[in-house]
Amino acid sequence: MIFSLMLVFSILFLAGCKDEHDGHDEHAQHDETNGHNHTEGEEEVRYEAGKGLEFSDEIIAALGIKTVNPQWENLSDKKTLKGCVISTSPTTLVNVKLPLAQAESLKYYGVADGKLIRFDKTPAEVSGLADLVYEIKPNDPANLGDFVSIELQGASRKILSLPASAVLDGVNAKSVYVLRDGHFLRVEVKTGIGSNGRIEITQGLNESDLVATSSIQQLWLTELRLTKGGGHSH
């Protein structure tokens, strides 16, 4: 993968160097011929606004880019909570404090080797935090005051999902690269639950879209290079 990334940026770098060195001559030729010339590097990797990234077959193979369609499947959400042991006899009780809205959303989740025995939202009137008290069977002996993990699982439902590796988690939004007309176009998506390496897509895609599932960071860095770093775009 390091070799692949170096290959892409070597091509882009050489293309940029050639443009800087021969720029005046090329622009003069454009004025004379009204044509548009491309360097070899530009032909290998290009970006077009509204369409996305276009790669040669050699670059696609070097990066190992793979694509899949989103799939409908039954998936259940899983959560891990941290709580404090408040009793060890006759059973182990664990208190979890959460913001009220989050606690409300989790109170119907199932518990691995245990159950929810109390949901108290009264403390939220002062602190904003509700109390969830679980009875569990810990794998290892627990002492009062210890913090332990509790595994929760929501009800299974049918969702449209992708491998989590396909999703680019940006500062302000999440996105994926969709292959359309030979171009990899970055498309903003909204996500939901995730489990076992897959993630729900709630908005932005349908099952007919062909989505890149590998080399996502390389695609993103290449797009940045061509749009923000002085590279060519068309």
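This note goes through a predicted model in numbered points, from confidence and overall make-up to single residues.

1. Basis of the values. Because this is a predicted model, local features are taken only at pLDDT of at least 70 and side-chain atom pairs only at pLDDT 80 or more, while totals for chains, interfaces and linings use all residues. Residues are numbered from 1 along each chain as its sequence is written, and side-chain values use heavy atoms, with hydrogens and water left out.

2. Confidence. The average pLDDT (the predictor's confidence in each residue, from 0 to 100) is 84 for the protein, and 79% of the residues score at least 70. Residues 1-5 stay under 50, and for them the model has 7 contacts (heavy atoms within 4.5 Å) beyond four places in sequence. The pLDDT is also below 50 over residues 12-41, a stretch with 26 contacts in the model beyond near neighbours in sequence. Where pLDDT is low, the predicted coordinates should not be read in detail.

3. Overall make-up. The protein has 5 helices and 16 strands, where helices (H or I, at least four residues) and strands (E, at least two) are DSSP runs numbered from the N terminus. Of its 234 residues, 38% count as buried; buried means under 20% relative accessible area, exposed over 50%, and partly exposed in between, with a 1.4 Å probe and protein chains only. Among contacts between residues at least 6 apart in sequence, 68% join residues at least 24 apart.

4. The six-stranded sheet. An open sheet of 6 strands runs in the order β7-β10-β5-β6-β9-β8 with antiparallel pairing, two strands being taken as paired if DSSP finds at least two bridges between them. The edge strands β7 and β8 each pair on one side only. Within the sheet, β6 and β9 are joined in the antiparallel sense over 8 bridges, and Val-94 has Tyr-134 of β9 as its bridge partner.

5. Strand β11. Because 5 of the 7 residues of β11 (residues 157-163) are buried, this strand is largely enclosed by the rest of the structure. It pairs with β4 (residues 71-75) in the antiparallel sense over 5 bridges, with Ile-159 of β11 as the bridge partner of Glu-73. A further 3 bridges join β11 to β15 (residues 198-203), also antiparallel, and there Ser-161 stands opposite Glu-200.

6. The largest pocket. On a 1 Å grid over the protein atoms alone, a pocket is an open set of points where a 1.4 Å probe fits, with protein on both sides within 12 Å along at least five of seven lines, and lining residues have an atom within 4 Å of a point. The largest pocket has a volume of about 250 Å³, a volume being the space filled by probe spheres set on grid points that are joined across faces, edges and corners. Its lining includes Val-111, Ala-112, Asp-113, Ile-136, Lys-137 and Pro-138, while β10 gives the most to that lining, with 4 residues.

7. Backbone geometry to check. Most residues other than glycine have a negative phi, and most peptide bonds are trans. A cis peptide bond joins Ser-89 and Pro-90, with omega about 5 degrees, and Pro-90 is found in the loop between β5 and β6. Asp-113, one of the residues lining the largest pocket, has a positive phi near 55 degrees; it is in the loop between β7 (110-111) and β8 (114-120) and counts as exposed at 52% relative accessibility. Asn-196, in the loop between β14 and β15, has a positive phi near 50 degrees and is exposed, with a relative accessible area of 65%.

8. Ser-195. This residue is found in β14 (residues 183-195) and counts as buried at 7% relative accessibility. Not counting residues up to four places away in sequence, Ser-195 touches Leu-75, Ser-76 and Lys-78.
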